[in-house]
Amino acid sequence: MAPPVSATKSPSPSQPSGKSEVSDLKLQLRQLAGSRAPGADDAKRDLFKRVISCMTVGIDVSPAFSEMVMCSATSDVVLKKMCYLYVGNYARGNPDLALLTINFLQRDCHDQDPTIRGLALRSLCSLRVQNLVEYLVAPLVAGLKDHSSYVRTVAAIGVLKLYHISATTCHDSDFPAALKALMLSDPDAQVVANCLYSLLEIWTQEAGNSEEAAREIETLYGKPVIYYLLNRIRDFSEWAQCLLLDLVSKYIPADNNEIFDMMNLLEDRLQHANGAVVLATIKVFLHVTMSMTDVHQQVYERIKAPLLTLVGAGSPEQSYAVLCHLHILVMRAPMLFSSDYKHFYCQFSDPSYVKKLKLEMLTAIANESNTYEIVTELCEYAGNVDVPIARESIRAVGKIALQQYDVNAIVDRLLQFLEMEKDYVTAETLVLVKDLLRKYPQWSHDCIAVVGNISSNSIQEPKAKAALIWMLGEYSQDMMDAPYVLESLVENWEEEHSPEVRLHLLTAVMKCFFKRAPETQKALGAALSAGLADSHQDVHDRALFYYRLLQYDVAVAERVVNPPKQAVSVFADTQSSEIKDRIFDEFNSLSIVYQKPSYMFTDKEHRGPFEFAEDLSNLAIGGDSGDDAIRSAQRYQENDKDLLLSTSDKEENGGPTRNGSNSSTYSAPSDINSSLSALAPSSTAQTATFAIDDLLGLGVPDAPVLTLPPSLILNSKPVLDPGTFQKKWGQLTVSSSQESTLSIQGVASLTAPQSLIRHMQNNSIQCIASGGHPPNYKFFFFAQKEGSSSFFLVECIVNTASAKAQIKIKSDDASASDAFASLFQSALSNFGSL
Amino acid sequence: MLQCIFLLSESGEVMVEKQMTGHRVDRSICAWFWDHLLSLSLSQPEGGHIAQISQVLTSPTHYLFQVYRHGIIFLACTQVELPPLMPIEFLSRLADILSDYLGALNEDIIKDNFVIVYQILDEMMDNGFPLTTEPNVLKEMVTPPNIVSKVFTAVTGKASPAVGPTLPEAAASCVPWRTTHPKNTTNEVYVNLVEHLHACVNREGNLRRCQVYGEIQVNSSLPGFPDLTLSFANPSLLDDVRFHPCVRFRPWESSQFLSFVPPDGQFKLMSYRVKGLKKIPIYLKPQLTSDSGNCRISALLGVKNDPGKTIDSIMVQFQLPPGITSADLTSNHGTVDILADKTCRWSIGQIPKDKLPCLSGNLVLEPGMERLHVAPTFQVKFKIMGVALSGLQIDKLEVKTAAANPYKGFRAQTQAGDYEFRS
């Protein structure tokens with residue numbers, strides 16, 4: 001009897017009943033193992049079911065491995081399948097015991113019934129145990145030659161599984177060549193497809209290192225293979241067709257005749273019930289006709305109908321993915337879709353993300369003929385329950401107006417929005433009216449008349465307020481009360497929280513001053529002095545700049561601040577056309593759904609959060625790389641001393657220079673103030689100096705006092721080696737999981753993981769591993785309760801962009817974990833404030 | 001390819017976990033999925049129901065594809081780039097097959113039959129690559145838990161053989177969707193035309209949009225190797241069509257009829273879209289007038305272009321706009337319920353002969369609100385048996401088969417899809 005090796009691996013504490021259940025199952029299995037009594041199979045079936053259901057729930061039933069294997073001698077297929085499932089799940093963790101299964105699996109590989117042969121072969125290959133590879137070769141060789149196509153399909157995939165376990169064994173047995181031969185000769189389409197699938201994966205992985213593999217890949221993409229496969233495409237299953245079509249899309253036809261032949265052959269695939277096949281076909285069509293402009297155009301016409309059907313008829317999941325693809329096509333060739341605009345009308349039940357896509361498409365396809373209809377539809381969304389969509393649709397109306405179609409009617413519509421008296425509608429509309437005026441100054445009279453009626457008090461959103469202020473400044477000659485509105489805004493300077501609005505206010509007052517100096521003079525003085533006293537650097541600088549300009553020469557100032565403007569002809573696009581082309585090249589891939597080219601979410605430097613994936617698995621699974629991470633953490637700690645010096649140096653250097661720059665800046669206002677009074681009679685000297693004090697004092701907020709909860713004292717020098725940490729981390733369950741916010745200063749100081757590590761060390765919390773790149777860092781900390789052996793283990797993921805930290809705490813002593821959690825949080829929130 | 005498939009219940013329980021490749025996907029990915037869902041429900045006013053979240057998600061470790069059916073979330077994980085529709089189509093197919101196998105689809109059924117689910121998954125996908133997805137073939141590899149096998153078990157005391165003694169012949173036949181020797185054929189074939197009408201009418205009563213999506217469902221139980229030909233009286237109506245793999249493309253291209261060798265049992269022969277429909281069978285006139293904190297609401301429903309058959313199961317449904325403290329709604333026909341999620345449901349059934357159904361009532365707004373800011377959209381559901389509103393008509397169905405004179409049955413039905421009236 002093999003000792004239950006994994007008995008030490010207790011099931012997770014969250015399933016306290018697990019352990020007794022498992023031992024109970026073991027006992028019963030053992031009793032049944034040798035039984036040949038009638039009904040034994042039924043009893044086994046029930047037991048196996050229970051084992052599998054435990055496995056599904058998450059209870060570790062690996063201790064029953066040897067018993068399961070003993071019970072596996074049966075002729076009942078369902079029993080066999082359950083047994084294979086179990087073995088496949090646990091063999092990797094129990095390589096020694098897995099050897100026990102080899103015997104019966106190999107026996108089954110010679111069974112009369114091809115189903116059993118196939119099943120056994122599949123399970124054998126799914127064991128994925130390194131030292132059992134030798135037992136795989138013979139059954140695979142036999143499987144590839146089996147007279148049942150079912151077994152051959154399984155064997156073809158089995159080769160790939162073998163390759164992933166041991167690439168050398170796979171090559172030594174010359175399996176790739178065998179697969180290739182099979183692919184080109186087998187009568188069964190599924191076998192051919194599976195061979196192709198395996199070969200593609202094997203050779204693509206090797207193409208980088210071996211010339212031979214690169215050559216083999218070339219042959220796969222070569223004319224003979226492609227033609228051979230294309231001619232059989234109708235025999236293939238729909239999934240195999242997708243695979244093949246993907247292959248074909250990389251093939252470069254020699255001439256136009258070939259292109260037309262291919263398209264004729266594949267045209268009926270556009271009518272396939274499976275959306276994946278349709279999209280794969282579309283990709284082929286788009287790619288092969290890339291160089292033939294007129295045919296490419298025709299392809300668009302041809303694929304339009306299938307895509308629109310897919311969007312409308314499929315389940316919501318399918319229709320979203322298709323819609324994303326349609327979106328990119330619409331963006332590339334809006335004219336071709338201009339008559340199908342009704343398909344992009346939003347339905348009430350559409351989720352928001354679908355509505356958003358549809359709005360973008362409606363915006364893109366608007367032209368002379370359909371603008372009226374589209375804008376009417378969009379206007380109906382403005383009263384939508386879904387506020388974000390209502391906003392989007394107003395923006396869409398604005399964008400269409402900027403495309404120069406039927407501007408007259410649209411301006412009327414926009415102005416009607418302003419009369420709806422809904423805060424968010426007014427806000428969005430104001431921003432749009434501003435953009436419209438930049439492009440079509442000729443509409444200013446109509447717009448100004450309506451905008452003038454809007455009370456600036458009713459608008460809260462910074463963007464909208466800034467837009468209104470911009471219009472007040474730009475058209476102050478046409479708006480009777482512009483100077484007075486601006487003046488009242490300046491009076492409420494302190495209550496204006498958004499720097500953007502304050503910046504706009506400064507500029508608007510300046511512009512107004514040039515046009516209506518007597519009325520604005522007072523407001524300008526107040527604005528400049530408030531600006532100079534502003535705590536926001538940009539606002540301060542701009543106020544100072546304006547002030548000096550005015551001082552130098554008012555005429556020059558006018559030329560700088562309010563030059564005659566040309567109407568904007570085209571607004572800058574957010575996504576460059578290069579990126580759009582790139583996404584288009586990756587048609588029928590995830591890039592389309594994300595609306596980003598793949599390098600943006602797959603390449604290392606672009607994917608911050610993905611780093612952790614590897615980190616996590618290292619630590620969770622263990623192994624050499626995990627040790628690396630820990631070693632590097634120790635290296636970090638050694639570096640800490642240097643770091644300490646360098647940061648403190650910086651502080652010392654930084655301090656005086658900052659003070660210096662401050663004083664140089666602030667020497668100016670004292671003499672400005674006196675001269676400013678020429679322009680602005682009210683003296684601002686008092687406020688200005690007050691502001692300086694304030695500003696100097698502002699950088700140093702009161703340092704929060706570090707408070708330790710008295711209930712928990714931590715050992716200041718705990719010792720825990722990485723191996724034990726990993727073990728404990730694997731065993732314990734999360735006792736506390738929280739999200740904490742970092743202070744602004746904390747985020748600022750977290751340019752490298754070391755700074756936080758040092759800070760936590762001061763709080764008796766030690767770091768064992770850390771890593772990551774901005775904006776994401778990941779730390780593993782531990783701490784020990786003073787005078788006790790219980791440890792606290794912490795996983796802490798910090799995102800500096802959102803200033804948030806995800807904390808997971810595991811503890812030997814669950815009762816103290818809450819106290820520790822609050823201690824950890826307070827330590828974390830103090831970070832950077834010292 | 002796909003690395004792992006999870007079946008989750010709505011309460012977050014992992015009901016089935018199937019690892020596909022050597023790379024083990026940790027279960028914690030499900031926790032991430034739920035966290036993501038939760039954070040969405042907090043950030044969105046209308047709540048982050050599963051149906052509201054995007055089908056393709058990027059977790060820190062994997063790409064997740066999810067399909068939601070009947071309270072079950074089918075979640076697939078992968079780390080490699082692949083055509084997005086492939087996993088989505090596959091998961092949808094899996095859901096269809098499971099529901100076909102188990103009679104229905106819900107949490108309890110999956111839990112009771114998880115052994116079957118594992119077996120099916122095992123045959124449907126090998127190493128993350130779809131293998132056998134034809135329901136007919138699968139049924140011969142994994143016996144469905146049907147009444148026959150239950151009776152068999154009860155009578156003989158033995159479990160029926162789960163797998164036929166030999167391999168499904170379809171796996172080797174040149175028509176992969178059909179077994180060469182289907183059992184229990186009754187020599188009959190049913191053709192069912194099902195259409196969904198999508199329409200949108202705006203405040204002024206103008207039809208903004210009207211589309212018909214339809215499908216032809218066939219239930220075939222014919223012996224041997226039957227060759228069927230289905231032709232339409234007016235195929236020019238069809239704007240775009242999609243076919244089951246069994247349909248031969250050339251006859252359709254040249255002369256617009258369907259020629260096919262059907263699989264055994266129920267399948268979707270074709271789905272189609274019809275263009276340019278201008279008539280809708282039912283109209284609704286909603287009126288909302290609000291002043292000084294009250295909103296009077298009335299909605300009148302009537303038949304517009306009589307389809308000639310009874311309109312059944314009529315129901316009107318709308319979401320009460322935010323900011324309403326109480327609602328008092330009555331109707332002269334049918335029942336009005338206000339559900340917990342502030343959905344008002346007016347079940348009408350059939351339109352009575354003597355009067356038009358009318359809903360009326362009063363909504364009381366929150367103090368401080370003068371008038372209603374957002375107008376609700378009314379969704380109408382109905383069913384019309386015996387007619388396909390698009391006007392598509394089946395001309396004839398010819399069956400070439402070994403046995404003589406099979407029974408042929410035809411049915412048609414129209415349902416409301418997204419059928420909405422804005423107010």
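The side chains of A:R391 and A:E461 meet in a salt bridge, 2.7 Å from N to O; a salt bridge here is a side-chain nitrogen of Lys or Arg within 4 Å of a carboxyl oxygen of Asp or Glu. A:R391 sits in helix α21 (residues 387-402) of chain A and A:E461 in the loop between α24 (444-451) and α25, so the pair ties together parts that are 70 residues apart in sequence. This is a predicted model, where local features need pLDDT of at least 70, side-chain atom pairs count only at pLDDT 80 or more, and totals for chains, interfaces and linings use all residues. Residues are numbered from 1 along each chain as its sequence is written, chains are lettered from A and ligands numbered from 1 in the order in which they are written, and side-chain values use heavy atoms, leaving out hydrogens and water.

**More on salt bridges**
- A:R391 is buried, at 18% relative accessible area, while A:E461 is partly exposed at 27%. (Buried means under 20%, exposed over 50%, partly exposed in between, using a 1.4 Å probe and protein chains only.)
- Over all chains, the whole structure has 38 salt bridges.
- A:E474 and A:K511 also pair up, at 2.9 Å from N to O. They link helix α25 to helix α27 of chain A, 37 residues apart, and both are buried.
- B:R422 bridges to A:E377, with the closest N and O atoms 2.7 Å apart. That pair crosses between chains, from strand β23 (residues 407-422) of chain B to helix α20 (residues 371-381) of chain A. (Helices, H or I with at least four residues, and strands, E with at least two, are DSSP runs numbered from the N terminus.)

**A helix tucked inside**
- Seven of the ten residues of helix α26 (residues 482-491) of chain A are buried, so the rest of the structure largely encloses it.
- Those buried residues pack against α25 (462-474), α27 (499-515) and α28 (517-532) of chain A. (Contact means heavy atoms within 4.5 Å.)

**Two buried loop residues in chain B**
- B:V25 lies in the loop between β2 (14-19) and α1 (28-43), and it is buried at 2% relative accessible area.
- B:V25 and B:H62 are 37 residues apart in sequence, yet 8.8 Å apart in space, C-alpha to C-alpha.
- B:N127 is in the loop between β6 (125-126) and β7 (129-130), and counts as buried at 5%.
- Leaving out residues up to four places away in sequence, B:N127 touches residues including A:R128, A:Y197 and B:M1.
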